[in-house]
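Dear colleague,

I am handing over the structure below, together with some notes on what was found in it. Please read the notes with the coordinates open beside you.

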Amino acid sequence: MPQDGCANRLKGQVAIITGSSSGIGKAVAIQMAAEGASVVVNYPGGSPSGAEETIAGINAEGGKGIVIKADVSNEDEVKAMFAKTIETYGTVDILVNNAGLQKDAALVDMTLAQWKFVIDVNLTGQFLCAREAVKEFLRRGVVPERSRAAGKIICMSSVHEVIPWAGHCNYAASKGGVMLLMKSMAQELAPKKIRVNSIGPGAIKTPINTAAWDTPEALKELLKLIPYERVGEPIDIGRAAVWLASDESDYVTGTTLFVDGGMTLYPGFATGG
Ligand code: NAD
């Protein structure tokens, strides 16, 4: 997958990528491994085949990684994932809070279970993983040979941290929450030399949104929302994540990098308004 010239920008560092058995997380894991990081491929349970595919992709790039099963919304499992990572690789330098899901329903039909499930995984899961990562970043501090920062956290948000989304109130609320979780953590942790940023993907071709692009009719409708007139690929996010994790972005903290082909540019106003 990583076709572009990798420059070992994450050499010697350790990265945990949650939900990396498919889609965006898989691409981020492979891209970070290709840049020299040792990668933890996390999946929540069920078949490990997706996680194993990610490891195969990492190995094909000459990289290394391990698989750890953990549900990011489960405090004990998150703690165990960090303990296992530190036991294996000695420390953690990078956390990519990527795991996320949708349980869509109109507001009046949305059950409390659907609401809680999405908030627990997409928002509480990011808090639980960030807290464990920060404990380790603070313990270790800055080691200049590894990175100018004591640690880097990348939150996988969405264009829906700013674009309202009818029929997806739980999802949009979770990503709006991620935005201020990210900014508050960034403000709190900057003096400790910990950088926290988000990526806001637009429409990226992954299993989460197949219905939005896999027929010509759906694709035509989707492209109306994307000024750059192409649907994103997971590698688009992988490249952005590597940059945000590397020292190339050492002065960047508390920001959302939208990788969305212009979806957040109110495309309806190009001709209307
Ligand atoms: P995906 O369904 O391929 O990946 C989501 C991953 O999260 C899966 O591997 C899944 O196993 C994992 N996961 C779900 N619940 C988990 C849990 N409790 N613990 C650990 N892992 C869990 O979809 P994707 O598009 O790759 O989504 C990745 C992230 O990107 C999500 O946070 C999603 O909200 C965000 N995002 C995606 C798009 C897009 O267009 N694809 C757009 C904006 C934001």
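**Notes on the model**

Leu189 is buried, with a relative accessible area of 9%, where buried means under 20% relative accessible area, exposed means over 50% and partly exposed lies in between, with a 1.4 Å probe and the protein chains only. This residue is found in helix H5, and the C-alpha atoms of Leu189 and Val14, which are 175 residues apart along the chain, are separated by 19 Å. Helices (H or I, at least four residues) and strands (E, at least two) are DSSP runs, numbered from the N terminus.

Before the rest, a word on the basis of these notes: this is a predicted model, in which local features need pLDDT of at least 70 and side-chain atom pairs count only at pLDDT 80 or more, while totals for chains, interfaces and linings use all residues. Residues are numbered from 1 along each chain as its sequence is written, and side-chain values use heavy atoms, with hydrogens and water left out.

**The ligand and its surroundings**

The ligand sits in the largest pocket.

The ligand is surrounded by 28 residues, of which Ser22, Ile24, Tyr171, Ile204 and Thr206 are the closest; a residue counts as near a molecule if one of its heavy atoms lies within 4 Å of it. The residues of this shell divide into 14 nonpolar, 12 polar and two charged, with Ala, Val, Leu, Ile, Met, Phe, Trp, Tyr, Cys and Pro taken as nonpolar, Asp, Glu, Lys and Arg as charged, and the others, Gly among them, as polar. Helix H1 (23–34) and helix H5 (169–189) each supply at least two residues of the shell.

A polar side-chain atom of Thr206 lies 2.5 Å from an oxygen atom of the ligand, a backbone N or O atom of Asn98 lies 2.8 Å from an oxygen atom of the ligand, and a polar side-chain atom of Ser21 lies 3.2 Å from an oxygen atom of the ligand. The protein covers 90% of the 820 Å² of accessible area that the ligand has on its own, with accessible areas taken from the Shrake-Rupley method with a 1.4 Å probe.

**Buried positions away from this list**

Asn42, which is found in strand E2 (residues 38–43), is buried, with a relative accessible area of 1%, and a polar atom of the Asn42 side chain lies 3.3 Å from the backbone oxygen of Ile68.

Arg195 has its place in strand E6 (residues 194–201) and counts as buried at 5% relative accessibility; the C-alpha atoms of Arg195 and Ser249, 54 residues apart along the chain, are separated by 9.4 Å.

**Positive phi values**

Phi of Asn8 is near 55°, a positive value in a residue other than glycine. Asn8 is found in the segment before strand E1 (14–17) and is partly exposed, with a relative accessible area of 42%. Phi of Glu229 is near 60°, again a positive value in a residue other than glycine; Glu229 lies in the loop between helix H6 (216–223) and helix H7 (234–245) and counts as exposed at 62% relative accessibility.

With kind regards

Methods
Polar contact = N/O pair within 3.5 Å; in protein donor to acceptor, adjacent residues only side chain to side chain. 1 Å grid on protein atoms, 1.4 Å probe; cavity = no way out; pocket = protein on both sides within 12 Å on 5 of 7 lines; lining within 4 Å. Sits in = over half its atoms within 2 Å of the grid points.
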